[in-house]
Amino acid sequence: MLDKKEFLQYIDEKSDVITDVSDKIWEFAELSLREFKSSQLMAEVLRQEGFQVEYPFCNIKTAFKASYGTGKPVIGILAEYDALSGLSQEGALAEKKELCTNGSGHGCGHNLLGAGAMAAAFAIKKYLEQKGEGFGTINLYGCPGEEGAATKAFMARDGIFKWCDAALTWHPSTVNQVVSGTCNTCIQTEYKFTGIASHASSAPEKGRSALDAVELMNIGVQFLREHMPSSARIHYSITDAGGASPNVVQPYAQVLYMVRDTWTQDAQTLQKRVDKIAEAAAMMTETTVEKKFIDGCANTVPNKTLEELLFKNFNEVGLPSYTQEEMEYAKKLFDTIQSKDSALFDGIAAENEEIYEFVDRASCHGETPVNNFLIPYLYTMKKSMGSTDVGDVSWCVPTAQINTVCFVSSSPGHSWQNVSCGKTSIAHKGLINAGKILAGSAIELFENPKILDMAKAEFEAITKKHKGYACPIPKGAVPVIPGEKI
């Protein structure tokens, strides 16, 4: 077996470049589909490293594809770099303090995700350079807008990933683990109601309230909850209440709905029922309603072959160590977290008694500020309740992903604590580790075609069993910025 150390060490050699990219994207903190500085930075760094870069890509202004090599197999690495609104926070600070009022921040760590995926691509390119022409291709996909645009699903609809033989990715986390199981399909739709403005006191009979329609729609959906599968979820947000004056009959109002269920077909069936409730609310209030598809993503298809490969490389690469200064900062940040879960990880693995006990013991019953251990691998088909557009990739090509520790223990997702930690050496160590694990796994796929054949056979069996990919993105739909007025 080829010694991979030379190629993985290249990530260490380029660590200053890689972490600088992460920190700059952290500073840019650009929202979904508005990541122009972030994507331009990554595209430029990749060009300097010798990749062929397509930017923009797939008719998405902030997407890119960076390629190196020729021939088969083609391994895809998935990168993200969008931030979240309302999470402005000073970096490396153990108290909540905004950088700017109502600003954005990387509460999900996508600055790290993008840079870590890029690190993996650097090492894989180094390997392919040594192997020469025709030995294989690495594609790094810059996928914007995971937080509310699901661009991987649009790419999957347009056949982008059919050229790959496998895809690998990762996500910053509070734990080190190989991810298994499935998740929920998700569909987001905006409804804009239009009525007639009028004086709410002197001429209420002349008005037709769009806000009434939104509220009636919400009430209708509340009653629907009793009559939908227990596997399903529905969430909503009133994104435009029509104005601040209560003495005006609101002539417009807008609400954003998110419908989830395990399988795409079931989510689409439930979505149709929500659509009917919107139409009924418009009828009751004599308003009109306009529906706008925002995004959708499918559930994930686990691949045991690739997951076992990632776990093997996780063990080979090992885990980072932390300085006393890092641990002191982590303890201060950890102490700001009110709710500490001794399980510390997704409920899928928590259902396994042996793994639960291992994690509980290794984390000192949830009191360790940084979880410096690797959770034992568990293959499962059980479902976590969230959603990710990595799912759409996994219906097109064998796909697997890992988590590495970049945040302090028990830190909630989308929190100011994550934003703070995301610009520290703790997070940098996590992204470098992720890059090495992904790169080592990809190199083994190039070196050993039998592993790739097994992954493909497993993929074909499970997708055939479930009748293939049902893309939640309708024809003609394009990625849009969530929350914009229709």
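**Cavity**

The search ran on a 1 Å grid over the protein atoms alone, and a cavity is a set of points where a 1.4 Å probe fits but cannot get out. Grid points are joined across faces, edges and corners, and a volume is the space filled by probe spheres set on the points.

Before going on I noted the ground rules: this is a predicted model, where local features need pLDDT of at least 70, side-chain atom pairs count only at pLDDT 80 or more, and totals for chains, interfaces and linings use all residues. Residues are numbered from 1 along each chain as its sequence is written, and side-chain values use heavy atoms, with hydrogens and water left out.

The largest cavity has a volume of about 40 Å³. I listed its lining, taking residues with an atom within 4 Å of a point: Thr182, Trp263, Asn299, Thr300, Val301, Pro302, Met381, Trp395, Ile462, Thr463 and His466. Sorted by class, that lining has 6 nonpolar, 5 polar and no charged residues. For the classes, Ala, Val, Leu, Ile, Met, Phe, Trp, Tyr, Cys and Pro count as nonpolar, Asp, Glu, Lys and Arg as charged, and the others, Gly among them, as polar.

**Ring pairs**

I found 13 aromatic pairs in the structure. Rings of Phe, Tyr and Trp (its six-membered ring) pair if their centres lie within 6.5 Å; planes under 30 degrees apart count as stacked, over 60 as edge-to-face and the rest as tilted.

I checked Tyr127 with Phe135, and this pair is edge-to-face, with 6.2 Å centre to centre and 70 degrees between the planes. Tyr127 is buried at 0% relative accessible area, while Phe135 is partly exposed at 29%. Here buried means under 20% relative accessible area, exposed over 50%, and partly exposed in between (1.4 Å probe, protein chains only).

Next I took Trp263 and Trp395: their ring centres are 6.3 Å apart and their planes stand at 70 degrees, so this pair is edge-to-face. Trp263 sits in the loop between strand E11 (252–261) and helix H7 (264–285), and Trp395 in the loop between helix H12 (390–394) and strand E13 (399–405), so the pair ties together parts that are 132 residues apart in sequence. Helices (H or I, at least four residues) and strands (E, at least two) are DSSP runs, numbered from the N terminus. Trp263 is partly exposed at 26%; Trp395 is buried at 8%.

**Helix H9**

Which residues of H9 are buried? In this helix (residues 324–334) I have Glu326, Tyr329, Ala330, Leu333 and Phe334 as buried. Seen down the axis, they fall within an arc of 135 degrees, so they line one face of the helix; the arc is that of the directions from the helix axis to the C-beta atoms. On the other side, Gln324, Glu325 and Lys332 are exposed. The buried residues of H9 pack against helix H13 (416–421) and helix H14 (425–447).

I then looked at Ser420, which lies in H13 and is buried at 0%. Contact means heavy atoms within 4.5 Å. Leaving aside neighbours within four places in sequence, Ser420 contacts Gln89, Glu90, Gly91, Ala92, Leu93, Tyr329 and Leu333. Ser420 and Glu90 are 330 residues apart in sequence, yet 6.0 Å apart C-alpha to C-alpha.

**Backbone**

Most residues other than glycine have a negative phi, and most peptide bonds are trans. I wrote down these exceptions.

- A cis peptide bond joins Tyr55 and Pro56, with omega about -5 degrees; Pro56 is in the loop between strand E1 (52–54) and strand E2 (64–70).
- A cis peptide bond joins Lys72 and Pro73, with omega about 0 degrees; Pro73 is in the loop between E2 and strand E3 (74–79).
- Ala150 has a positive phi near 55 degrees and is buried at 4% relative accessibility.
- Lys467 has a positive phi of about 65 degrees; this residue follows helix H15 (449–465) and is exposed at 78%.

Definitions and conventions
On a 1 Å grid over the protein atoms alone, a cavity is a set of points where a 1.4 Å probe fits but cannot get out, and a pocket is an open set with protein on both sides within 12 Å along at least five of seven lines; lining residues have an atom within 4 Å of a point.
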